[in-house]
Amino acid sequence: MKITRMIALTTLFLAVSLFPSLALPTASAAAAATATPTEPPSKIYRIGLDGKKQTLVAQLPAVHRASMSPSGRFVYAEKQGFTSNAPTIPYLYDTKTRQLSQLNGFAKWASGKDELLMVEQASLYRYNPLTRQKTLLANGTADTPILDYAMAPDGHYLVFVQSDLKEPDATKRYKLYLQDMNSLKMKVNDQFSLSDDQLKSYMVPDLFYWVPTSKKVLYKANGAIKELDLPTGLKYTYSFKNFPSYSNDMKLRFEDKQGHGFITDLQTGKSVSTQDNYTADPNDLERQLTRIYWSPTGHNYIADKYWHPSNSQDFYAQLVIKTASKSFVYPFDNSFYMNSSDNIQFLGWAADGKSFFVGDLDSVHMSRFDKWEYRER
């Protein structure tokens, strides 16, 4: 593992993000994925909840983003383009056959099964990695691209946002669709604007959060976060700016309150800070959990932990693993990694909740980009 241990105190953290490009790559998978001497292979590990060992399950040519399929067999990965004429290229890797193949669009895993939801030429498809068959879900064009999408945990519904770039009224430029995955019927549930901040995140869009019951979906709209309640069709607007996340049984909630993370017991209403040495100062963000990935069962979780800033235009981080009986961090030796330089990523839980996957991926530090500025996907 490429871990950086140099400690620095200068505060400089850049959270710059990008709107995804709809242009598709044309380079061959073999040529584009070949690692150079400066690009070590990307490694993916399975880690047990005992916190004692990691098992290498895949080694790929250098990639920069990845996620595991629900079964743990397939890896969806993206190789970032760092210059204006270098496209970002999506791949599929089969850990059983060790075959790496290039895809024609950017994708996410569907809920609970090894199926990709993929945007190709602005339209949305479902894609079967075994048969390589795809099925059209929703049409898009260069003027009406589909921006982001998310399937409900139970797999019954899909939501997606489609833009109309020719719509002169900014308050109606983006439409929220709800699609029944059995009948494929869909309808528009909302029209709204999206601010520049909402259209941007760290490299990829992030417009939705489904609650575990699949009865509500939160989405970004009009500079705020809204909720669509599926049973009633009613919509609500909230004052918080970041999505909360709920344990699978809906008993615990992680949320951000003015720059600090808290876990709330929804049965008692008691909130506990997730920050070491918590103070009320919203500018004191050291040793802060920034995102929680709840286990498929129980209250175990993995969390991204912001430790402190670096003078290399990066920041020190760890993964925190919390179970009912113990807590530990990754790396196991209690060291840190540089968030974008080392690019250690949580890639998903195993379906049984007894282990999880971590990727040691190639650097996406801003110095690798033209003019030291993150570019579009």
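Over which ring does the charged end of lysine 108 sit?

1. The ring is that of tyrosine 149, and the charged end of lysine 108 lies 5.1 Å from its centre. A second contact of this kind involves lysine 257. Its charged end sits over the ring of phenylalanine 262, 5.3 Å from the centre. Please keep in mind that this is a predicted model.

2. On to the aromatic rings. The count comes to 17 aromatic pairs. One of them joins phenylalanine 74 and tryptophan 109: the ring centres are 6.5 Å apart and the planes meet at 35°, so the pair is tilted. A stacked pair needs planes under 30 degrees apart and an edge-to-face pair needs over 60, so 35° falls into the tilted class.

3. Where do these two residues lie? Phenylalanine 74 belongs to strand β4 (residues 74–79) and tryptophan 109 to strand β7 (residues 106–109), so the pair ties together parts that are 35 residues apart in sequence. Phenylalanine 74 has 4% relative accessibility and counts as buried. Tryptophan 109 is buried too, with a relative accessible area of 14%. The cut-off for buried is under 20%.

4. The next pair is phenylalanine 82 with phenylalanine 369. Their ring centres are 4.8 Å apart and their planes stand at 75°, so this pair is edge-to-face. Phenylalanine 82 sits in the loop between β4 and β5 (89–94), while phenylalanine 369 is in the segment after β29 (355–360); the pair therefore ties together parts that are 287 residues apart in sequence. Phenylalanine 82 counts as buried at 11% relative accessibility. Phenylalanine 369 is buried as well, with a relative accessible area of 3%.

5. There is also an aromatic cluster to look at. Tyr293, Phe346, Trp349 and Phe356 form it.

6. Now a sheet. Four strands make up an open sheet, ordered β11-β12-β13-β14, with antiparallel pairing. At the edges stand β11 (146–151) and β14 (186–192); each has a single partner strand, so one side of each is left without a neighbour in the sheet. From one strand to the next, the twist averages 20°.

7. Which strand does β12 pair with over seven bridges? Its partner is β13: residues 157–163 of β12 pair with residues 174–180 of β13 in the antiparallel sense. Within this pairing, valine 161 stands opposite leucine 176 in β13.

Notes. Residues are numbered from 1 along each chain as its sequence is written. This is a predicted model: local features need pLDDT of at least 70, side-chain atom pairs count only at pLDDT 80 or more; totals for chains, interfaces and linings use all residues. Side-chain values use heavy atoms; hydrogens and water are left out. Rings of Phe, Tyr and Trp (its six-membered ring) pair if their centres lie within 6.5 Å; planes under 30 degrees apart count as stacked, over 60 as edge-to-face and the rest as tilted. Helices (H or I, at least four residues) and strands (E, at least two) are DSSP runs, numbered from the N terminus. Buried means under 20% relative accessible area, exposed over 50%, partly exposed in between (1.4 Å probe, protein chains only). A charge sits over a ring if NZ of Lys or CZ of Arg is within 6 Å of the ring centre and within 35 degrees of the ring normal. Two strands pair if DSSP finds at least two bridges between them. Axes are lines fitted to C-alpha atoms, for helices over the stretch in contact, and angles run from 0 to 180 degrees between N-to-C directions.
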